[in-house]
Amino acid sequence: MRRSVTTLALIFFILSWVVPTRAYTLQYTDSTASVRIKWPSNTIKIALSNSLNSPPSNIKPGSDVLGAARRALAHWSEAVNIQFVETSSDALNISPSGQGDGVSLITVADTPENRNVFDSADRTGRTRVFYDPTTGAITEADVVINPAAQFSTDGTPGTYDLEATFTHEIGHLLGLEHSDEAGAAMQPRQGVNGLYQQAAFSARTLSDDDRAGAHALYGARESFGAITGTLSDAASTPVAAAHVWIEESVTGRIVAGNVSLPNGTYRIEGLPPGEYRLVTDHSAEERNQFNVAAGETVQRDLKLETERTTIKPVVFGSNGHLSTIAVPLVQGNRYTIFVGGEGLDQVSDGGISITSPFIKVNPASLTLQSGINYEHPIISFDIEINPDAPLGDYSIRLQSKSGEVAYIPGGLTVDSASGAKVSGVGVERQMAIAGTLWMVNGVFAPFLAR
């Protein structure tokens with residue numbers, strides 16, 4: 001492994017609040033995961049507040065607020081058999097907790113009631129879901145945008161993309177929880193425009209993982225497959241909170257994932273028929289290929305050898321930025337990728353790969369960065385994207401000299417929106433500091449679950 005000859009300064013921005021990863025990509029009425037929270041019908045009535053026509057000052061003047069909300073609704077209705085029936089409303093405030101009014105409202109109004117929903121400007125949106133605790137049937141779901149955060153729809157540096165925020169919150173409105181897949185619209189953090197020197201438009205696009213979650217709730221079960229099983233360690237003890245995901249065998253794209261429950265069981269649904277492989281972020285791997293047919297549930301138990309002890313990637317990025325947001329890629333381009341975390345100085349020279357034949361890593365480019373004021377080692381390596389790479393999310397695979405394996409699931413995303421470059425004084429001033437690697441944990445904000 002080469003050591004960087006350039007001394008890089010690392011600038012820290014402290015993240016004030018972090019969303020805990022939820023136990024499942026679907027919402028349930030209780031911890032037993034027996035009753036799902038979902039709408040009783042695939043036709044959902046949504047009221048768009050008149051505040052979308054006259055947005056407050058935290059939204060850049062001229063932004064297409066109403067269009068952003070409508071496009072976000074369309075992303076989900078196009079992905080699964082859901083029909084949103086749109087109405088308008090003079091209401092400005094979401095319903096108080098426990099006091100639903102039966103109207104599912106999307107609002108951007110800057111009112112004291114809406115501000116009280118948030119305790120930080122780093123929370124971009126919130127969805128409040130009302131449901132029957134016995135049946136899990138949703139009776140109302142309200143979406144509110146944080147009046148203290150700055151938004152735009154044109155990629156203005158330093159603002160959050162409003163359409164991406166709407167897309168995430170509508171996923172919660174449907175009954176989806178946060179995802180561990182970094183490229184998913186339902187992952188718990190949002191990057192500001194300017195991260196990786198690009199507009200943060202990728203989060204507008206639903207990932208395969210997002211679609212699988214929607215299909216699990218609202219799709220025709222006879223059209224999709226599922227995989228279920230139990231994770232246990234070498235002593236046959238159930239392993240909880242382990243991320244398990246499915247990749248396409250041919251392309252390596254992530255299709256869907258979930259997290260094991262306290263009893264070690266997991267279930268991944270909404271899988272289109274095809275050939276897949278099962279992967280977990282613990283050190284033991286299941287790489288055998290298997291087929292999933294429509295209407296079929298495949299049983300796949302995993303015995304994990306050990307939990308990860310030495311390799312733990314924490315941040316990653318490109319273009320001088322480190323974050324936990326998937327790095328947008330353009331077909332046919334080359335990139336230098338950075339990864340920081342525990343034990344990364346133990347990664348072997350051939351220990352970096354992307355789980356796809358469409359993304360090639362240059363083994364000779366692996367470099368251990370030096371002179372950076374960060375608590376963990378940082379490495380970099382070069383990748384090349386095939387011009388024919390399918391759109392979707394891909395994982396970074398790291399292997400130590402001792403053979404231990406760790407992943408960054410969905411850390412790279414090939415997306416049709418990835419080419420949008422940002423412009424403006426803010427980004428130009430940032431890039432004027434040559435030779436600087438920016439730690440940007442503070443320029444993205446977590447989403448609230450509900």
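In strand β26, Ile 396 is the bridge partner of Ile 354. Let's start from that pair and look at the sheet around it. Strands here are DSSP runs of E with at least two residues, while helices are runs of H or I with at least four, and both are numbered from the N terminus. Two strands count as paired if DSSP finds at least two bridges between them. This is a predicted model, in which local features need pLDDT of at least 70 and side-chain atom pairs count only at pLDDT 80 or more, while totals for chains, interfaces and linings use all residues. Residues are numbered from 1 along each chain as its sequence is written, and side-chain values use heavy atoms, with hydrogens and water left out.

The sheet is open and has 4 strands, in the order β21-β27-β26-β23, with mixed pairing. At its edges stand β21 (327-329) and β23 (347-354); each has a single partner strand, so one side of each has no neighbour in the sheet. From one strand to the next, the twist averages 30° (axes are lines fitted to C-alpha atoms, for helices over the stretch in contact, and angles run from 0 to 180 degrees between N-to-C directions).

## How the strands pair

Strands of a sheet pair through backbone hydrogen bonds, either parallel or antiparallel. β23 and β26 (residues 392-400) run antiparallel, joined by 4 bridges. β26 and β27 also run antiparallel, with 7 bridges, and Ile 396 has Ile 408 as its bridge partner in β27. These two strands form a hairpin with 4 residues between them, and Gly 403 in the turn has a positive phi of about 100°.

Is β27 buried or exposed? Of the 10 residues in β27 (residues 405-414), 10 are buried, meaning under 20% relative accessible area with a 1.4 Å probe and protein chains only; exposed means over 50%, and partly exposed lies in between.

Helix α1 (residues 65-79) has 15 residues and should span 21 Å at 1.5 Å a residue, which agrees with the 22 Å between its end C-alpha atoms. The expected span is 1.5 Å times one less than the number of residues. At the N-terminal end, Asp 64 caps α1, with a side-chain oxygen 3.0 Å from the backbone nitrogen of Gly 67. The buried residues of α1 include Leu 73 and Trp 76. Those buried residues pack against β3 (43-49), β4 (83-89), β5 (105-107), α3 (162-174) and α4 (208-218).

Why is α4 described as largely enclosed by the rest of the structure? The reason is that 9 of its 11 residues are buried, among them His 215 and Tyr 218. Their cover includes α1, α3, β13 (254-259) and β14 (265-271). Ser 207 caps the N-terminal end of α4, placing a side-chain oxygen 3.2 Å from the backbone nitrogen of Asp 209.

## A tyrosine, then the whole protein

Tyr 266 sits in strand β14 and counts as buried because its relative accessibility is 1%. A polar atom of its side chain lies 2.6 Å from the backbone oxygen of Arg 300.

Stepping back, the protein has 5 helices and 29 strands. Of its 450 residues, 58% are buried.

Note on methods
Contact means heavy atoms within 4.5 Å. A polar contact is a pair of N or O atoms within 3.5 Å; within protein, one must be able to donate a hydrogen and the other to accept it, and residues adjacent in sequence count only if both atoms are side-chain atoms.
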